[in-house]
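I opened my notebook on a structure new to me.

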Amino acid sequence: MPGLFPAVLPAAFEVRSPASSANLGPGFDSLGLSVPLYTTLRVTPQTRTEVVPLGPDLEGTPADESNYVYRAMLLTAKRAGMTLPPARVEIETEVPLARGLGSSAAALVAGIVAANELLGRPLDDATLLDVAAREEGHADNVAPALYGGIVVATLDKLGTHHIRLDPPAHLGVTVLIPDFELSTAKARAVLPNEYSRADAVHALSHSALLAAALATGRLDLLQHAMQDYIHQIWRAPLVPGLSDILEEAHKHGALGAALSGAGPTVLCFHDTRHETHPLHAFLSSVMKRNGLEGQILDLPIDTQGTLIRTL
Ligand code: HSE
């Protein structure tokens with residue numbers, strides 16, 4: 001049954017959602033931060049639906065209603081009990097795909113926020129996060145994509161709950177983005193179904209310490225708190241050089257290192273008051289040793305999350 005149609009349609013608008021790095025070591029499926037690489041939608045209400053992926057990175061993605069962004073828009077309308085008005089939806093992204101930087105979360109969140117805008121904002125922010133987290137299956141990429149900053153989030157049958165933290169002063173991110181893709185499905189398939197109590201206690205205590213260290217600016221504790229035995233050891237065979245970086249990056253200026261999301265990108269924290277040349281030189285040597293190509297970027301943590309701008 002068709003739902004309610006909005007009484008008034010907005011003028012053309014743009015929605016911009018950031019990339020994200022999930023897990024940060026032991027915060028598996030529950031902790032992430034956003035970085036300023038963006039997926040942008042331009043939405044123009046009109047009499048028919050048009051889905052227009054733009055740029056070489058989106059070549060091959062569907063240019064019709066089966067597009068992931070458009071499906072996110074339909075999902076949002078369904079949750080609001082409304083009918084999505086037709087619109088031209090242009091999609092652009094600078095988030096590298098299948099690299100562990102939350103490209104699908106940025107697309108999903110941008111689509112959800114765009115649909116909510118088109119519908120006259122029937123859903124509040126908490127519901128938008130819940131729609132996104134349920135669709136993704138975990139909240140650690142979608143929550144930072146929506147809110148920006150560093151976000152701790154849980155998803156269970158009672159809903160999605162989160163706390164957003166402003167990044168501590170002087171905390172910057174260095175990412176090594178390898179040139180190869182790794183699907184999240186493949187990187188989840190290598191994980192065990194069960195863990196020992198010792199592993200569970202290790203993960204609980206380290207992720208709690210990590211969240212507390214990030215909340216209180218204890219950059220000195222990151223290296224220790226980011227230890228993880230839940231996912232990185234299992235994924236290391238899929239990401240050449242990961243083990244070397246986890247073990248040695250702190251000797252070259254990193255405050256801590258982790259596989260970004262399901263990989264293959266690797267994230268290192270750095271102190272923005274210090275030069276990152278030694279860390280870059282180390283990461284380049286790891287790439288060379290492992291026959292990898294890729295790029296190394298210093299990025300701040302995005303604090304704005306998803307933004308809407310009238311065109
Ligand atoms: N927490 C997720 C994982 C992030 O590590 O599989 C990728 O979606």
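Ser20 comes first: I looked up its relative accessibility, found 0%, and so count Ser20 as buried (under 20% relative accessible area; exposed is over 50%, partly exposed in between, with a 1.4 Å probe and protein chains only). This is a predicted model, where local features need pLDDT of at least 70, side-chain atom pairs count only at pLDDT 80 or more, and totals for chains, interfaces and linings use all residues. Residues are numbered from 1 along each chain as its sequence is written, and side-chain values use heavy atoms, with hydrogens and water left out.

I placed Ser20 in strand S1 (residues 13-23). Strands (E, at least two residues) and helices (H or I, at least four) are DSSP runs, numbered from the N terminus.

What does Ser20 touch? Leaving out residues up to four places away in sequence, I listed its neighbours, among them Leu33, Gly100, Asn141 and Ser260. Contact means heavy atoms within 4.5 Å.

Next I turned to the sheet. Four strands form an open sheet, ordered S8-S9-S7-S10, with antiparallel pairing. Strands pair if DSSP finds at least two bridges between them. At the edges I found S8 (256-259) and S10 (294-299), each pairing on one side only. From one strand to the next, the twist averages 20°.

I then checked S7 (residues 171-178) against S9 (residues 266-271): six bridges, antiparallel. Leu176 has Val266 in S9 as its bridge partner.

Terms used: Axes fitted to C-alpha atoms, helices over the stretch in contact; angles between N-to-C directions.
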